[in-house]
Amino acid sequence: MEPVLHSAPQVGHHPAPGKHYLNENTSLWDWITTVDHKRIGLMYLVGSLFFFMIGGLLALLLRLVLLTPQHTLFGITVDAEGYNRLFTLHGAIMVFLFIIPSIPGSLTNFVLPLMLGAKDVAFPKLNLASFYIYVVGAIMAVSSIYFGAIDTGWTFYTPYSSSSSSTSVAMMTMSVFVLGFSSILTGLNFVATVHKLRAPGMGWFDMPLFVWGMYSTAVIQILATPVLAITLVLLAIEKTFHIGIFDPKYGGDPVLFQHFFWFYSHPAVYIMILPGMAIISELIPTFSKKTIFGYRAIAYSSVSLALVSFIVWGHHMFVAGQSQLATVVFSALTFLVAIPSGVKVFNWLTTMYKGNIVLASPMLYALAFLILFAIGGLTGIFLGTLSTDIHLTDTYFVVAHFHYVMMGSTVTAFIGGLHYWWPKMTGRMYNEKLAKIAAVLWFIGFNATFLPQFIMGSQGMPRRYYNYLDQFQPFHAFSTFGSWIIGFSLFMTLAYLLASLRKPCDAPDDPWGGSTLEWRTSSPPITHNFHDQPVLEREPYDYRPGQSGRETH
Amino acid sequence: MSTTTPELHTHGGHEEGHNPYHQHHFATMEQQFDTAKIGIWSFLATEVLMFGGLFVGYGISQGKYPAEFVEAHAHLDWMMGALNTIVLLVSSWTMVMAVDAAKTNQRAKLKMYLLFTIACAFIFLIVKYFEYEHKWHEDLMPFKYYGTGETGIRPGDLMPGSHGYATFFSFYFMMTGLHGFHIIVGIVLLAWLYVKAGRDRFSSAYYTPVDLVGLYWHIVDMIWIYLFPLYYLIS
């Protein structure tokens, strides 16, 4: 392949040979004070994977408790209150400490400046600050367990949270408040980076679609998170000083809390899913060796998902005392979500059509994403339809639906992206055979866990119950067995990824034949990302060998 | 602010004697300035949305208790509110002059206008302090509307007829309190600018911090301009 970049020699960087961002300045102090987006990305990766493990172990424990209708299993007794604390912790940790920060903080931090041909994000110090704010928020969240944990569910609904619950609601909500700041700073950094730090010659429609997806995510982070922030401050102050805003006992309005909460938390669903879609938009063309179909349609659909996400929050409150008119309007608006989602899925499928598909492990995750997202998205339509939602509200159907979207889609894309960029981040190739086995196990385990929950939910199994009728036993047992397969595949993934670090650097610069700029630098990249300022001279996703686009004429 | 390393100065390709505030990942100072502007405007958008939540909550509660809100607002002294509005408007003007002085290399003027702005911020807080103290003595704190158990109402429950009052003053203290917190942060930022101005850090070639703090200060003023009629002038 001909080089697509020519050098702009006046800004060249030439470190000593063999030196890259990992082995240059390696003291602990260098690491904890680093402003290098690649190192901050790695630190975020370690942090979010740690909490993924904690949240995952809690999930395994929850599923274990639910294996039988009894409360004691293998000597572990979990009563109703204990169960409430367990699922709240599982939800809060997974949402606020893993899914929301994971792809933006880790993979995007690492890849986005590289994709734009930039030396760093716009505000490197702010980037580091955002990581430390995340750490403070995480410590607060974990310390809330010490202060009595929390049993409100991750949604902190009033008035239960503000007056009835005796657990450490104030500590947990303030932790989420702090984590929100970290999320805002990350988003703000990406917006400024995308606007101002694109390589010479790179227009908006020359950016990789990953960047479009993350840009849309960042806009939501900036616009939605402050509303959650103020809501949680009000909740914590109401809990502590008894002001009257959300709790009817003090003159407040509990439905107002739900409106505020979902005004953030529905867009937050797109903070979770858009990065997943962003990754898939890279994996599919790379492993189909074919130009992405409908580049502009995918780019616009990311932005329109971000916009639509702000006007559908009321669909979380169909049975919460909203006016009938509001429920009808929110239901109708909710169906709008299907349009950009469908546009993306069809464009990905069309990209694969007649492509030269390589079934490498990242592509297996991308394929799993397509199936799981289709199921998650379509079951969302059941829940957006008023008549069916009344029946399905607060059942396992909802649990299964959002796990298909958050875990089946976002986490699948995250793991796929982690495999895709692992050689770039660490300079090492992992064991591809084990990776393929783990990907297949992940897909099987996921469906085994959550498909039965759709059936249970449609038959009336309520969510957040620590006990159930005997008729649900087979489904719960099946679901629990599935969770063991998920757990096994994830530990397997962790093991071969860590094992790859023991080898010397062996990854080529572009192991997958990718077309975006991050593959034009060494693996792992040098501290300043590129030896010479890259200049974009061909369109993204151009895989034609020997074709170097505009520079030939 | 610079994250450059010595290696960069030799290989970074910048001309000799380049601006020391020029960060290595920006091609030009202009690009760096524009990026900072995008950053601050995004941040200000988060501020507007954060207060936006409170404004919406206020509006909904006002719709729920219109009569109580009007009655409760009579406990606020509109003269004090008007005085503070004028103080903040003046401070916005001095802030604009400070940015202009930084842009035009007038160091003494910059320091003077920053001091004026800080003084206005303190006057605002002092007036606010007297208002809060007054509320405290008048027993208007939100939690004062709850029974103590002596009146036949369960302790912690609202006394009859006081719902709207409790909500009005809850929002009043939350919104003016959060705004006051932003004034305090503003004072810290302005003082930091004053110290840096004293060390002659700003010039027409580099005045980004003055410009950004100025924008922040204007948004804080603007929020007060909305708070003033909502609390002091409803009828």
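Which residue just after α4(B) takes a positive phi? Asn105(B) does, with a phi of about 60 degrees. This is a predicted model.

**Helix α4(B)**
- The helix covers residues 78-103 of chain B.
- α4(B) has 26 residues. Its first and last C-alpha atoms are 38 Å apart, close to the 38 Å expected at 1.5 Å a residue.
- Buried residues of α4(B) include Gly81(B), Asn84(B), Val87(B), Leu88(B), Ser91(B) and Ser92(B).
- Met95(B), Ala98(B), Val99(B), Ala101(B) and Ala102(B) in α4(B) are also buried.
- The buried residues of α4(B) pack against α5 and α7 (208-232) of chain B.

**Packing of α4(B) with α5(B)**
- Helix α5 spans residues 107-137 of chain B.
- The axes of α4(B) and α5(B) lie 8 Å apart, at an angle of about 165 degrees. Angles over 145 degrees count as roughly antiparallel, so α4(B) is roughly antiparallel to α5(B).
- The crossing of the two helices, α4(B) and α5(B), is left-handed.
- Their contact involves 19 nonpolar, 4 polar and 3 charged residues.

**Contact between chains B and A**
- On chain B, 33 residues are in contact with 38 residues of chain A.
- Helices α2 (29-64) and α6 (163-198) of chain B each supply at least two residues of the side that touches chain A.
- α2(B) gives the most to that side, with 17 residues.
- The side of chain B that touches chain A divides into 14 nonpolar, 16 polar and 3 charged residues.

Technical notes:
Residues are numbered from 1 along each chain as its sequence is written. Chains are lettered from A and ligands numbered from 1 in the order in which they are written. This is a predicted model: local features need pLDDT of at least 70, side-chain atom pairs count only at pLDDT 80 or more; totals for chains, interfaces and linings use all residues. Axes are lines fitted to C-alpha atoms, for helices over the stretch in contact, and angles run from 0 to 180 degrees between N-to-C directions. Helices (H or I, at least four residues) and strands (E, at least two) are DSSP runs, numbered from the N terminus. Angles under 35 degrees count as roughly parallel, over 145 as roughly antiparallel, 65 to 115 as roughly perpendicular and the rest as oblique. A crossing is left-handed if the near helix is turned anticlockwise from the far one by less than a right angle, and right-handed if clockwise. Ala, Val, Leu, Ile, Met, Phe, Trp, Tyr, Cys and Pro count as nonpolar, Asp, Glu, Lys and Arg as charged, and the others, Gly among them, as polar. Two residues are in contact if their C-beta atoms, placed from the backbone, lie within 7 Å. The expected span of a helix is 1.5 Å times one less than its number of residues. A residue is buried if 20 or more other C-beta atoms lie within 10 Å of its own, exposed if 12 or fewer, and partly exposed in between; C-beta atoms are placed from the backbone.
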